[in-house]
Amino acid sequence: MMNKILYYIVYSWMYLHALLPLKALYILSDILYFWVYKVGSYRLQVVRENLKNSFPDKTKDELRKIEKEFYHHFCDYFVETIKLLHITDEEMQRRMQFENIDLVKDQMKDGNSALMFLGHYCNWEWIPSITLHFKGKDSDKILGEIYKPLKNKAMDDIFRKIRSRFGSLGIAKHETLRVIVKLRKEKKQTLIGFMADQTPSVVNIHYWSPFLNQDTPVFTGVERIAKQTGFSVIYLDMEKTGRGYYKATARLITDKPAEEPEYSITETYIRAMEKTIMRNPAYWLWTHKRWKRTREEVEQAQKAHRK
């Protein structure tokens, strides 16, 4: 009962704000910036530590500039996500542009399917609008994204509603392989997006790579699934072209995953993601504790788990 009450309160508040034009919501974002960054200092120490370690050659002033730009963008991301509750398809297509869509469609011909590497960069909540480019003869294709369920059921229900705004299929992280295998058996052509730039759980850490000047545990699940299914692998490179405007370019990593050396698909993604972030660091999610574990800690935890 409490979850239902919370759901209706939060959803109603968000929907009322979504009725406002983005110009008005950006005024709210500017106010939020003051409270989130200047007053609340939301995860400020995590952001500063991440930036300092990722860019050891940058001066303190350069790091502070990125930090401020990040918090401005972070607040924009919040109001832009709310706007998904009330935005037309036409406005969405004008603001969220996809380049090289034909490459994606080519990888889904003749019964084939594809996996797409994404990152927490720019506004990843707008990426499911890619479904707007799969109309007519392509409308039978299933476009989905993997998500990690939120602990609070009410908030999880709200975000699942937001993410399915354009008809994409939300797949809970723990059900990933089961759902993909099921869709494959049903001979459904699918494009599944994976947010693969954050920290894997301890038991799922099998590979480390230098990323943003730090030894980093990397998620390898996409590569394993691609090799098992034969699905093509694509990287979606995002850019922010203006306030409330983004461009995402699809780039093929491989259409023959079984022939790729071990971890080469994962490594190609990591290098591509790093290049995207380096182009403009302010638009990555720096509040996440990406480097909270060392190799030694992970090895000890894995040994304890095996026992």
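Trainee: Why is Asp106 called partly exposed?

Mentor: Asp106 has a relative accessible area of 41%. Buried means under 20% and exposed means over 50%, with partly exposed in between, so 41% makes Asp106 partly exposed. Keep in mind that this is a predicted model.

Trainee: What makes the contact between Lys109 and Asp106 a salt bridge?

Mentor: The N to O distance between their side chains is 3.2 Å. A salt bridge needs a side-chain nitrogen of Lys or Arg within 4 Å of a carboxyl oxygen of Asp or Glu, so this pair qualifies. In general, side chains of opposite charge can pair when their charged atoms come close. Lys109 is partly exposed as well, with a relative accessible area of 46%.

Trainee: How many salt bridges does this rule give?

Mentor: The count is 27. One of them joins the side chains of Lys240 and Asp76, at 3.7 Å from N to O.

Trainee: What makes that pair a tie between separate parts of the chain?

Mentor: Lys240 belongs to strand β8 (residues 232-242) and Asp76 to helix α4 (residues 60-83), so the pair ties together parts that are 164 residues apart in sequence. Both Lys240 and Asp76 are buried.

Trainee: How do you know that Arg295 and Asp215 form a salt bridge?

Mentor: Their closest N and O atoms are 2.6 Å apart, and the cut-off is 4 Å, so the pair counts as a salt bridge. This pair, too, links distant parts of the chain: Arg295 is in helix α11 (residues 295-306) and Asp215 in strand β7 (residues 214-218), 80 residues apart.

Trainee: Now to the surface. Which residues gather in a patch of positive charge?

Mentor: Arg43, Lys148, Lys151, Lys173, Lys289 and Lys292 do. Lys and Arg count as positive.

Trainee: Where is Ser41, and what is its phi?

Mentor: Ser41 is in the loop between α2 and α3, and its phi is near 50°, a positive value in a residue other than glycine. At 31% relative accessible area, Ser41 is partly exposed.

Trainee: Which residues form a nonpolar patch on the surface?

Mentor: Ile27, Ile31, Phe34, Trp35 and Val39 form it, with about 530 Å² of accessible area together. Trp35 lies in helix α2 (residues 22-39).

Trainee: How do you know that Trp35 is exposed?

Mentor: Trp35 has 51% relative accessibility. The cut-off for exposed is over 50%, so Trp35 counts as exposed.

Trainee: And what makes Asn123 buried?

Mentor: Its relative accessible area is 0%, and buried means under 20%, so Asn123 is buried. Asn123 is found in the loop between β2 (114-118) and β3. Its side chain reaches the backbone nitrogen of Glu125 at 3.0 Å.

Trainee: Why are Phe55 and Met116 called buried?

Mentor: Phe55 has 5% relative accessibility and Met116 has a relative accessible area of 3%. Each value is under 20%, so each residue is buried. Phe55 is in the loop between α3 (44-54) and α4, while Met116 is in strand β2.

Methods
Residues numbered from 1 in each chain as written. Predicted model: local features only at pLDDT ≥ 70, side-chain atom pairs only at ≥ 80, totals over all residues. Heavy atoms only, no water. Patch = residues over 30% accessible without salt bridge, like charges linked within 9 Å, V, L, I, M, F, W, Y side chains within 5 Å. Areas by Shrake-Rupley, 256 points an atom, 1.4 Å probe, with all protein chains shown as cover. Charge placed at Lys NZ, Arg CZ, Asp CG, Glu CD. Helix = DSSP H or I, 4+ residues; strand = E, 2+ residues; numbered from the N terminus. Buried < 20%, exposed > 50% of the residue type's maximum accessible area, 1.4 Å probe, protein only. Polar contact = N/O pair within 3.5 Å; in protein donor to acceptor, adjacent residues only side chain to side chain.
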